[in-house]
Number of protein chains: 4
Amino acid sequence: MTQQALEAARRLAPRFAARAAGHDRDGTFPVADFADLREAGLFGLMVPVELGGSGATFAEYAAVAAELARGNGATALVFNMHASVTGALGAVDEDLAEALGVPDEALAARDALLRAAAEGAWYAVAMSERGAGARLSQLSTEYQPVDGGWQLKGSKTFCSGAGHADGYLVAARSAADPSVVSQFLVPATGDGLRVEPTWDSMGMRATSSHDLHLDVTVPADRLLGGVEGLALVIAQLMPHWLVASYAAVYTGVARAAVEAAAAHLNARDLAGLPAVRARLGRADAAVAAASLAVAEAARRVDEAPGDAETNRWVWRAKLLAGTTAAEVAASMVEAAGTSATRRGHPLERLYRDARCGSLHPATSDVCADWLGIAALGGDPDRDTATPRW
Amino acid sequence: MTQQALEAARRLAPRFAARAAGHDRDGTFPVADFADLREAGLFGLMVPVELGGSGATFAEYAAVAAELARGNGATALVFNMHASVTGALGAVDEDLAEALGVPDEALAARDALLRAAAEGAWYAVAMSERGAGARLSQLSTEYQPVDGGWQLKGSKTFCSGAGHADGYLVAARSAADPSVVSQFLVPATGDGLRVEPTWDSMGMRATSSHDLHLDVTVPADRLLGGVEGLALVIAQLMPHWLVASYAAVYTGVARAAVEAAAAHLNARDLAGLPAVRARLGRADAAVAAASLAVAEAARRVDEAPGDAETNRWVWRAKLLAGTTAAEVAASMVEAAGTSATRRGHPLERLYRDARCGSLHPATSDVCADWLGIAALGGDPDRDTATPRW
Amino acid sequence: MTQQALEAARRLAPRFAARAAGHDRDGTFPVADFADLREAGLFGLMVPVELGGSGATFAEYAAVAAELARGNGATALVFNMHASVTGALGAVDEDLAEALGVPDEALAARDALLRAAAEGAWYAVAMSERGAGARLSQLSTEYQPVDGGWQLKGSKTFCSGAGHADGYLVAARSAADPSVVSQFLVPATGDGLRVEPTWDSMGMRATSSHDLHLDVTVPADRLLGGVEGLALVIAQLMPHWLVASYAAVYTGVARAAVEAAAAHLNARDLAGLPAVRARLGRADAAVAAASLAVAEAARRVDEAPGDAETNRWVWRAKLLAGTTAAEVAASMVEAAGTSATRRGHPLERLYRDARCGSLHPATSDVCADWLGIAALGGDPDRDTATPRW
Amino acid sequence: MTQQALEAARRLAPRFAARAAGHDRDGTFPVADFADLREAGLFGLMVPVELGGSGATFAEYAAVAAELARGNGATALVFNMHASVTGALGAVDEDLAEALGVPDEALAARDALLRAAAEGAWYAVAMSERGAGARLSQLSTEYQPVDGGWQLKGSKTFCSGAGHADGYLVAARSAADPSVVSQFLVPATGDGLRVEPTWDSMGMRATSSHDLHLDVTVPADRLLGGVEGLALVIAQLMPHWLVASYAAVYTGVARAAVEAAAAHLNARDLAGLPAVRARLGRADAAVAAASLAVAEAARRVDEAPGDAETNRWVWRAKLLAGTTAAEVAASMVEAAGTSATRRGHPLERLYRDARCGSLHPATSDVCADWLGIAALGGDPDRDTATPRW
C-alpha cells in the first residue's frame with residue numbers, strides 16, 4: 001500500500017507545482033493540495049494498517065515527503081507536521097505504552113485520532129512559542145485540570161496549517177507543576193482557538209504558519225498518552241520527528257531547483273555553457289548525496305529509533321539537507337541568470353524556500369555542534385550548555 | 001565637494017533604509033529617495049565641476065554608491081545607471097573627443113545634458129534587450145535618420161527607473177548598416193515611449209526595471225558623440241561603467257546584511273553563541289576584502305581607464321562583490337534564524353537583493369573565465385568564443 | 001565469505017595504519033601489508049567462488065576498500081588496481097563472452113589468472129602513458145603478433161605496485177591497425193620489464209606508481225579475451241572499474257582524517273572548543289554522505305553495470321569522494337592545529353593523500369561536467385568534445 | 001631606500017624559488033637565502049634610518065615579505081620573525097619609552113641591537129612553549145636576577161631559524177613574581193643554548209623551527225626595555241607583529257601557487273579548458289582581495305597601531321590570507337593535475353606550505369571569533385573566555 005502512496009505523491013507533485021506560484025505569491029494555504037492529499041488517502045500514511053492507514057515506515061514517509069516537496073515544499077512541510085503527529089502516535093506500541101504507563105482508555109483515544117486521520121482528518125502542531133522556540137522545557141502555555149477535561153491557555157507561533165487543520169497537537173506545561181510538560185490534541189472545532197495571521201515569510205509562504213492563541217477546554221481523553229508529563233519523554237524517544245522529518249522536504253526542494261534550472265537552460269539553449277554544466281553537475285551530486293543521507297537516517301529510525309547512532313544520522317540528514325538545499329538553489333539561480341529571478345519563476349520561489357531548511361530546529365549550526373561532540377566521543381545530550389528540548 | 005557627496009550619502013542611507021521595506025513589498029519606485037538625491041545634488045556627482053557638478057572620480061562614485069546601497073540597494077542600483085551615463089559623458093575629454101571625431105556641437109549637446117544633471121535631471125539606461133542581453137553587437141532596436149533628427153524603434157528590457165527618469169540612454173543599431181551601433185539620449189517627455197511594467201523580481205524590486213518600448217524621433221543632437229558607431233568604442237574604453245559600477249552597490253548590500261544581523265542578534269541577546277560569532281566574523285572579513293577590491297578597481301579606473309590591468313581589477317571587483325554579497329547574506333540569514341525571514345525584516349530583503357549581483361553582466365562566471373584567461377597569460381578580448389559586448 | 005573479507009579488512013587496517021607513516025616517509029611499497037592481504041585471502045576477493053575466490057560484489061569490494069583505506073590509503077589504492085583486474089575478468093560471464101566472441105581457450109586462460117589470484121597472486125595495471133593519460137584511444141605502446149604469442153613495446157606511467165605485482169594488465173594498440181586497442185596480462189617474471197623509479201609524489205607515496213618500460217613477448221593466451229580490440233568495449237561496459245573504484249578509497253581516507261583529528265583533540269583536551277566541534281561535525285556529515293554515495297554507486301554497478309543511471313552514480317561517487325576527502329582533511333588539519341602538521345602525524349599524511357582523489361581520472365571537474373550534461377538531459381558520451389577513454 | 005628594499009626582494013625571489021625545492025626536501029635552513037638578505041641590506045629594513053637602517057613602515061615590510069614569499073614562503077616566514085623583533089624595538093619611540101619608564105641605558109642597548117641588525121645581524125623569536133603555545137601568560141621559562149645580569153632557564157618550541165640566528169628574543173616569567181613576563185635578547189654566542197632538531201613539518205619545512213633549550217646568563221642590558229614586565233604591554237600595543245606579519249607571507253605563497261599553476265598549464269597547452277580557467281580566475285580574484293586586506297591592515301598599523309579598528313583589520317588580514325592561501329593552493333593543484341603532485345614541483349610544496357597560514361596564532365578560527373565579537377559590537381579583549389596572550 002505504501003508503494004501506492006509513493007506513486008500518489010509522484011502523481012500529485014506536478015499538480016502542486018502548478019499551484020505553487022500562486023500560493024507563494026499570495027501567502028495562501030494550498031487548500032486544493034490538501035484536498036488532493038485527502039483524496040489520495042495520504043493522511044493515513046503513518047496510520048497503522050489495523051486502524052485503516054497505510055502503516056508506512058519512516059523511510060517510506062521520507063520518500064513520499066521528498067516527492068511532494070518536488071511539487072511544493074510548503075505543502076510537504078505542512079504534511080510533514082501531520083505525519084509527525086500520526087507517526088509519533090502510531091509508534092507508541094503496546095510495549096512502549098506499558099512502559100510509559102499509558103492507560104487503555106488513552107490508547108483507545110489515540111486509536112480514534114488515528115482512525116480519523118485514515119479517514120481524512122489531518123493535524124497540525126502548535127509547539128513553538130515566541131521566546132521559547134521549539135524547546136519544550138521553556139514553554140509558557142499552561143494547562144490545568146477542569147471539570148470534564150483540561151483547560152489550555154497560551155499562544156503558539158509557527159503553527160503550520162493554522163486555521164486549516166482538523167486538530168492541533170499542543171504542548172503545554174502544568175500550571176500546578178511547571179516541570180511537567182504534556183501534549184494535547186485540540187480539536188479545531190469549537191471556540192477558544194484564534195488564528196492570528198502573522199505568517200508572511202520569505203520562503204515556504206504557503207504553510208500558513210500563523211500564530212495560534214488558545215483559551216480552550218478539551219475533553220479528558222485529549223491528553224495524549226493519558227498521563228501527564230510524557231512530552232519530553234517522547235521528544236527524547238523520537239527526535240526524528242522533531243528534526244529529521246524536515247530533511248526529506250528539503251532534498252525534494254533541492255532536486256526541484258536542479259530540475260527547474262535544467263528546464264530553464266534547455267529552453268534557452270544554454271546547456272552547452274561549461275560554467276552552467278559544472279554548476280548543474282555539482283548540484284546534482286550534492287542533492288543525490290543529501291537524499292541518500294535522508295534515506296539512511298530514515299531507514300535507521302525504523303530499525304532503531306532513538307539510538308545514539310540513529311540520532312547521529314538524523315542530525316547528518318538535517319544538516320546536509322538544509323545546507324545542500326540552500327547552496328544548490330543559490331547556484332541554480334546563478335546558472336539560470338536574471339530571467340529566472342522573475343516572480344512566478346520556480347527558481348525564484350525555490351531560492352527562498354530552500355533557505356529555510358537550515359533554520360528549522362535543530363538548525364544546521366546546532367546539528368554540526370552535536371555531530372562534532374559525537375565525533376569527539378561525547379554525548380550531545382550531556383555535553384551542551386543548553387537543554388536540547 | 002565630493003566629501004560632501006559622501007557625507008550626503010551617509011546621511012541619506014538611513015532614510016532610504018526606512019523606506020526600503022515598503023518599496024520592496026510593493027515593487028514601487030523609491031520616488032522619495034530620488035527626491036532626496038536630487039536635493040542633495042547627487043545627480044551632479046559625475047558632472048565636471050565646470051559644468052556645475054561635483055566632478056567626482058570613479059573611486060568617489062564607488063564610495064558614494066556603497067553608502068547609498070547600505071540604505072537601499074535598489075536605489076543605489078538605479079543611481080548607478082545615472083552615474084554611468086553622466087560619468088561616461090563626462091569622461092570624454094577634448095583629446096578623446098578629437099580622437100573619436102566628435103564635432104563641437106556634439107560636445108555642446110553633451111555639456112547641456114551634464115548641466116541639466118547637475119541641476120537635477122537624471123538619466124536611465126535602456127540598453128538590454130530580450131535575446132541580446134547586454135551585448136551591443138546583438139541588439140535589434142534600430143534607428144534611422146529622419147528630418148530633424150533620428151527615429152528610433154525597438155524594445156528594451158531591464159530599464160531601471162523606467163517611467164521615472166528624465167531621459168534614457170538608448171543603444172540602437174543603424175537600419176542602414178547593422179554593424180553600426182550608436183547611442184542616443186532620449187528625453188522622457190513627449191510621445192513614443194511606453195513603459196510596460198514587466199519588472200516583478202525576486203530582488204532589487206524597487207528599481208522598476210521595466211520594459212521600455214520606443215517609437216520616437218529625437219533631435220539630431222541627441223546622437224551621443226555626434227557621430228554614429230561610437231557605442232562599441234565607448235564600451236571598450238569604459239568597461240568599468242558596464243561592469244564595475246554594480247560592484248560597489250553589492251558591497252554596500254553585503255555590509256548592510258552584516259549590520260542587520262548584528263542588530264537582530266544583539267536585540268535577542270544571542271551575540272554570545274559561538275556559531276553566530278564565527279558567521280559574523282567571516283562575513284565581516286569577506287565584506288571588507290570585497291570592498292577593498294572595489295575601491296582598488298575604482299582607483300585604477302581613474303588612473304588608467306580601460307588598461308588591461310585595470311580591467312582585471314574591474315572583473316575581480318565584480319566577481320568578488322557579487323559572490324560575497326550572496327554568500328554573506330545567506331550566512332547572515334542563517335545566523336539570525338527564522339525570525340529574520342519575516343517579510344519586512346531587512347535580512348529577508350537583503351537575502352533576495354544580494355543574489356542579484358552575480359547575475360548582472362558580466363556575470364560572476366564570465367568574470368571568472370576572463371580572469372582565468374588573463375592569469376594564464378591570455379587576452380579575454382581575443383580568447384573567448386563569444387563577443388564580449 | 002565476503003563478510004569474512006570485510007572483517008579481515010577491519011582487522012588489518014590498524015596494522016596498515018601502524019606501518020603507513022614509514023612507507024609514506026620513505027616512499028616504499030607496503031610489502032608487509034600485501035603479505036597480510038595475501039594471507040587473509042583478499043587477493044581472491046573478486047574471484048568467482050567456483051574459481052576459488054570470494055565472489056564479492058562490487059558493493060562488497062567498495063566496503064572492503066574503504067576499510068583498508070582507513071588503515072593506509074596507498075595500500076588500498078594498489079589493492080584497488082588488483083581488484084579492478086580480477087573484477088573485470090570475473091565479470092565476463094558466458095553471455096558476455098559469447099557476445100564479445102571470446103573463444104573457449106581465452107576463457108580457460110582467464111580462469112587460470114583468476115585461480116592464481118585466489119591462490120595469492122596479484123596484478124597491477126599498466127595503462128596510463130605520458131601524454132595520453134588514461135585515454136585508451138591515445139596510447140603509444142604497441143603490440144604485434146610474433147611466433148608463440150605477442151610482442152609488446154612501450155612505456156607506461158603511474159603503474160601502482162610496479163616491481164611488486166605478479167602480473168601487469170597492459171593496454172596497447174595494434175601495430176597493424178592503430179585503432180585496435182587490446183589488453184594483455186604480462187607476467188612479472190622474465191626479461192623485458194624494467195621499472196623506472198619515477199614515483200615520488202606528494203600523496204599516496206607508498207603506491208610505488210613508477211614507470212614501467214616493456215619490451216616483452218608474452219604467450220598467445222595472455223591476450224585478454226582472446227580477440228583483439230576488446231579494451232575500449234570493456235572500458236565502456238565497466239567504467240566503474242576505471243572511475244568508481246577510487247572513490248571507496250577516498251571515503252576511507254576522509255574517515256581516517258576525522259578519526260585522527262578526534263584522537264588528537266581529545267588527547268589535548270580540546271574537544272570543548274566550539275570551532276573544533278563545528279569542524280568535526282560538518283566533516284562527519286560530509287564523509288557519511290560521500291560514503292553513502294559510494295555504496296549506492298556500487299550497489300547499482302552490481303545491479304545494472306554500465307547503465308546510464310549507474311554511470312551517473314559512479315561519477316557522483318567519484319566527485320563526492322574526491323572533493324570530500326580533500327576538504328575534510330584540510331579542515332581536520334585546521335581543527336587539530338600546528339602540532340598535527342609534524343611529519344609522522346597521521347593528519348599530515350592524510351592531508352597529502354586526500355588531495356589526490358580528485359585528480360585520478362575521471363577528475364572531479366570532468367565528473368562535474370559529465371553530471372551536468374546528464375542533468376541537462378544530454379549524453380556525456382556524445383556531448384563532450386574529447387573522447388572519454 | 002625602502003623602494004630599494006622592495007626591488008631587492010623582487011630580485012631575490014627567483015633565487016629563493018630556485019633553492020626552495022631542495023630546502024623543502026631536506027628540511028634544511030636556507031642559508032644562502034639569508035646570505036642574500038644580508039647582502040641586500042634587508043636585515044636593516046625595520047631599523048630606523050638614524051640607526052643605519054631603511055626605516056621601513058609596516059606597510060613596506062608587508063610588501064617586501066609578500067615578494068620574498070613568492071620565492072620561498074619559509075624564508076619569508078623566518079625573515080618575518082626578525083622583522084618583528086627589529087620592528088617592535090624600533091617602534092619604541094621616546095614618548096613611548098618615557099611612558100613605559102624605559103631608562104636611557106636600555107634605549108642605548110636597544111639602539112645597539114638595531115645598529116647590529118642594520119649591519120647584518122638577524123634575530124629569531126623564542127616565545128612559544130609546549131603547552132602554553134604563544135600565550136605569554138602561560139609560559140614556564142623563568143628568569144631571575146644574578147650577578148651581572150639575568151639567568152634564563154627553560155625550553156622553547158617553534159623557534160624559526162634556531163641555530164642560525166645571531167640572537168633570540170626570549171619571553172620568560174619572573175621566578176620571583178610569575179605574573180611578570182619580560183623579554184630578553186639572548187645572544188647566539190656562548191654556552192647555554194641548545195638546539196634540539198624537532199622541526200620536521202608538513203609545510204614551511206625550511207624554517208628550522210626547532211626547539212631551543214636555554215640555561216644561560218645574559219648581561220643586564222639584554223632585558224628589553226630595561227624594566228621587567230613589559231612583554232604583555234608590548235603584545236597589547238603591537239598585536240600586528242604577533243598576528244598580521246604572517247599574513248603578508250601567505251598572500252605571497254598564494255600568488256606563487258597561481259603563477260605556478262599557470263606556468264604548468266601553459267606548458268602542457270591546457271589553458272583552454274573551461275574548468276581550468278574558472279579555477280585560475282577565482283583564485284586570482286581571491287588572492288588579489290587577500291593582498292589588499294593585508295596592505296590595508298599594514299597601512300592602518302602604521303597610522304594607528306593598536307587601535308581597535310586597526311586590530312580588526314589585522315585579524316581580517318590574518319584570516320583572509322590564511323584561508324585564501326590554503327584554498328587557492330588546493331584548487332591550483334586540482335587545476336594542474338597529478339603531474340603537479342610530484343615532489344619537487346612548486347605546487348606540491350606550495351600546497352603544503354599554504355596550509356600552515358591558518359594555524360599560526362591567532363588561528364583563522366580565533367580571528368573569526370574575534371571579528372564576530374567586534375561585528376556584534378563587543379570587545380574581543382573582554383568578551384572571550386581565555387586571555388588573548
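1. Chains D and C meet through 23 residues from chain D and 23 residues from chain C; two residues are in contact if their C-beta atoms, placed from the backbone, lie within 7 Å. This is a predicted model, in which local features need pLDDT of at least 70, side-chain atom pairs count only at pLDDT 80 or more, and totals for chains, interfaces and linings use all residues. Residues are numbered from 1 along each chain as its sequence is written, while chains are lettered from A and ligands numbered from 1 in the order in which they are written.

2. On the side of chain D that touches chain C, at least two residues each come from helix 11 (308-336), helix 12 (346-354) and helix 13 (364-375) of chain D. Helix 11 of chain D gives the largest share, four residues. Helices are DSSP runs (H or I, at least four residues), numbered from the N terminus.

3. By class, this side of chain D holds eight nonpolar, seven polar and eight charged residues. Ala, Val, Leu, Ile, Met, Phe, Trp, Tyr, Cys and Pro count as nonpolar, Asp, Glu, Lys and Arg as charged, and the others, Gly among them, as polar.

4. Superposition is by least squares on the C-alpha atoms of residues with pLDDT of at least 70 in both copies.

5. Chain A superposes on chain C by a rotation of 180 degrees with 0.0 Å of shift along its axis (RMSD 0.0 Å). These two copies are therefore related as by a two-fold rotation axis. The C-alpha of A:Ala289 is the nearest to this axis in chain A, 2.7 Å from it.
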